[in-house]
Amino acid sequence: MAKPEKVEAVAEIAESFRNSSATVITEYSGLSVSQLGQLRRALGSTVKYRVAKNTLTKRAAEEAGVEELNELFIGPTAIAFIEGEPVEAAKALKNFAKDNNALVIKGGYMDGRTMSVSEINQLADLESRDVLLSKAAGAFKAKLSEAASLFQAPLSKMARAAAALEDKQKSDSGSASDAES
């Protein structure tokens, strides 16, 4: 019979798996409590970094339908449950791991599939969602401006031709009246 605390912990971890846009599994052995605090601050408010027992985490992963991660739950394990922007959290984890060799990224889960360490590093190398949206908006605006110029070119060409024809008619009528005098 499972203890109520363990049942509650499994349910809480499973709920975190379900509510997360992504999760990153890490090994934290060798990190001090203050370093773990620094990491949590670096991850921000949209990421819950939780140290959990492997057996409870495996049960929670199975309950949440992400049992593919079970092979990563070996040794001292902590999980970053990302509820916000996965790119920003991956960057924070990558940078912290670069500065603190004791933090090892083991893998992760996003969009219904497991992620390798190299995929998490690629995710960390991406620009943030806001930057990518800004670049896309700029590209669309440039193409729209280009299209507007192309559509306006025949009209302005026609207006210049009409102005030239009018000037020619005026000069022809002016030279015809000069010829009559």
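**Exercise 1. A lysine in a strand**

Task: Identify the residue whose side chain has a polar atom 2.3 Å from the backbone oxygen of Ile-74, and describe its surroundings.

Solution. 
Step 1. The side chain is that of Lys-106. A polar atom of the Lys-106 side chain also lies 2.9 Å from the backbone oxygen of Leu-72. For a polar contact, two N or O atoms must be within 3.5 Å; within protein, one must be able to donate a hydrogen and the other to accept it, and residues adjacent in sequence count only if both atoms are side-chain atoms.

Step 2. The model is predicted, so local features need pLDDT of at least 70 and side-chain atom pairs count only at pLDDT 80 or more, whereas totals for chains, interfaces and linings use all residues. Residues are numbered from 1 along each chain as its sequence is written, and side-chain values use heavy atoms, with hydrogens and water left out.

Step 3. Lys-106 belongs to strand 4, residues 104-110. Strands (E, at least two residues) and helices (H or I, at least four) are DSSP runs numbered from the N terminus.

Step 4. Lys-106 is buried but has no salt bridge. Buried means under 20% relative accessible area, exposed over 50%, and partly exposed in between (1.4 Å probe, protein chains only). A salt bridge requires a side-chain nitrogen of Lys or Arg within 4 Å of a carboxyl oxygen of Asp or Glu. The nearest side chain of opposite charge, Glu-27, is 4.2 Å away. In assigning charge, Lys and Arg count as positive and Asp and Glu as negative, while His and the chain ends are not counted.

Step 5. Setting aside residues up to four places away in sequence, Lys-106 touches several residues, including Glu-27, Leu-72, Ile-74 and Val-117. Contact means heavy atoms within 4.5 Å.

**Exercise 2. Salt bridges**

Task: How many salt bridges does a search of the whole structure find, and which residues do salt bridges with shared partners join into one network?

Solution. 
Step 1. The search finds 6 salt bridges.

Step 2. One of them links the side chains of Glu-15 and Arg-18 at 3.1 Å, N to O. Both residues lie in helix 1, 3 residues apart, which is about one turn of the helix. Glu-15 is partly exposed at 38% relative accessible area, and Arg-18 is partly exposed at 43%.

Step 3. Arg-18 also forms a salt bridge with Glu-63, with the closest N and O atoms 3.6 Å apart. Because Glu-63 lies in helix 3 and Arg-18 in helix 1, this pair ties together parts that are 45 residues apart in sequence. Glu-63 is partly exposed at 46%.

Step 4. Lys-94 and Asp-125 form a further salt bridge, with the closest N and O atoms 2.6 Å apart. Lys-94 is in helix 4 and Asp-125 in helix 5, so the pair connects parts 31 residues apart in sequence. Lys-94 is partly exposed at 23%, whereas Asp-125 is exposed at 55%.

Step 5. Shared partners join Glu-15, Arg-18 and Glu-63 into one network.

**Exercise 3. The nonpolar cores**

Solution. 
Step 1. A nonpolar core is a set of buried Ala, Val, Leu, Ile, Met, Phe, Trp, Tyr and Cys residues joined through side-chain atoms within 4.5 Å. In soluble globular proteins, nonpolar side chains tend to be buried together.

Step 2. The largest core has 25 residues, and those with the most contacts inside it include Val-24, Tyr-49 and Leu-93. The elements giving two or more residues to this core include strand 1 (22-27), helix 2 (33-43) and strand 2 (47-51). Helix 4 gives the largest share, 7 residues.

Step 3. Beyond its neighbours within four places in sequence, Leu-93 is in contact with residues including Val-24, Leu-39 and Leu-103. Apart from this core lies another, of 17 residues, among them Val-10, Ala-60, Ile-79 and Phe-81.

**Exercise 4. An aromatic pair**

Task: What type of aromatic pair do the rings of Phe-17 and Phe-81 form?

Solution. 
Step 1. A search of the whole structure finds 1 aromatic pair. Rings of Phe, Tyr and Trp (its six-membered ring) pair if their centres lie within 6.5 Å; planes under 30 degrees apart count as stacked, over 60 as edge-to-face and the rest as tilted.

Step 2. The ring centres of Phe-17 and Phe-81 are 5.1 Å apart and their planes stand at 85°, so the pair is edge-to-face.

Step 3. Phe-17 lies in helix 1 (residues 4-19) and Phe-81 in strand 3, so the pair ties together parts 64 residues apart in sequence. Both Phe-17 and Phe-81 are buried.
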